[in-house]
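Visitor: I am new to reading protein structures. Could you walk me through this one?

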Amino acid sequence: MLNIAICEDKAEDMMRLRRMLLDTRLSYNAAEYTDAETLIDDMENGRKQFDIFLLDIYLTGQSGVEAARRIRAFQDNAVLIFLSVSEDFYREAFDLYAFHYLIKPIKQAELCEVLKKAADILDKRIEETLLISFRGQNIILLYSDILYISSSNHILCAHTRGGQEYNFYGKLDDIEKKLKTNLFVRCHKSFIVNLSYVTKMTREGFYIGDTLISISRSYASIVKECYDKQLFGLFQDN
């Protein structure tokens with residue numbers, strides 16, 4: 001199921017997009033916004049999470065390009081599709097790694113093709129995600145977004161590179177089994193770390209930037225082996 005955000009402030013264009021999405025026959029949920037500020041607020045406060053963003057460039061208030069910069073900073077794997085009446089912002093779209101740039105009036109066949117290509121790419125990411133329940137909602141976290149996972153009093157916390165922290169119930173033992181990649185290593189009874197983000201390893205533990213994550217004696221040997229493999233480029237997924 002694709003989660004699509006549509007940000008379009010013209011009622012006629014919104015209605016047209018709504019109708020064309022139905023005709024794509026994709027499995028999706030769509031949330032409609034007439035301004036970028038509300039969309040960004042929903043994302044940053046954890047109320048909504050999206051796979052694909054259809055962003056009109058000429059929005060009232062914050063432009064689609066400005067919104068895309070904030071979305072990209074918060075969710076750097078977001079699929080951004082710009083909608084515009086002109087080609088004036090191609091360069092900005094390129095700099096933001098936009099997936100596509102559609103010129104209005106948008107053709108049904110063109111939108112359908114772009115969304116199906118986006119869906120194919122997203123399908124390939126599914127195997128590299130962790131599904132958690134956060135504030136009553138199911139949240140999908142990409143492995144590449146998780147810095148480390150901590151455990152305290154039966155509450156787990158996924159710390160992400162976007163700065164968000166997602167608390168959820170569970171056991172670290174179960175999460176360790178779910179993370180089907182050797183990028184993650186258990187280094188303590190209370191921590192699992194993504195080795196991709198470790199900046200250094202000392203006697204104290206792993207550092208991710210200024211954050212220290214302890215390594216217990218019982219895990220020290222295997223952790224050192226895994227870290228050395230990561231450093232020398234020998235670390236491969238199962």
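**Helix α3 and the cores**

Guide: In this predicted model, helix α3 runs over residues 64–74, and its buried residues are Gly64, Val65, Ala67, Ala68, Ile71 and Arg72.

Visitor: Which elements do the buried residues of α3 pack against?

Guide: Packing here rests on contacts, with heavy atoms within 4.5 Å. By that test, the partners of the buried α3 residues are α2 (36–44), β3 (52–56), β4 (79–84) and α4 (90–95).

Visitor: Which residues have the most contacts inside the largest nonpolar core?

Guide: Nonpolar side chains tend to be buried together in soluble globular proteins. Here the largest nonpolar core has 23 residues. Elements giving it two or more residues are β1 (2–7), β2 (28–33), α2, β3, α3 and β4. Those with the most contacts inside this core are Leu39, Phe50, Phe53, Leu55, Ile71 and Phe82.

Visitor: What does Phe50 touch, not counting residues up to four places away in sequence?

Guide: Close sequence neighbours, up to four places away, are left out. What remains is Asn3, Ile4, Ala5, Ala31, Tyr33, Leu39, Met43 and Gln75.

Visitor: What percentage of the residues in the protein is buried?

Guide: Buried means under 20% relative accessible area. The protein has 238 residues, and the buried share is 46%.

Notes:
Residues numbered from 1 in each chain as written. Predicted model: local features only at pLDDT ≥ 70, side-chain atom pairs only at ≥ 80, totals over all residues. Heavy atoms only, no water. Buried < 20%, exposed > 50% of the residue type's maximum accessible area, 1.4 Å probe, protein only. Helix = DSSP H or I, 4+ residues; strand = E, 2+ residues; numbered from the N terminus. Core = buried A, V, L, I, M, F, W, Y, C linked by side-chain atoms within 4.5 Å.
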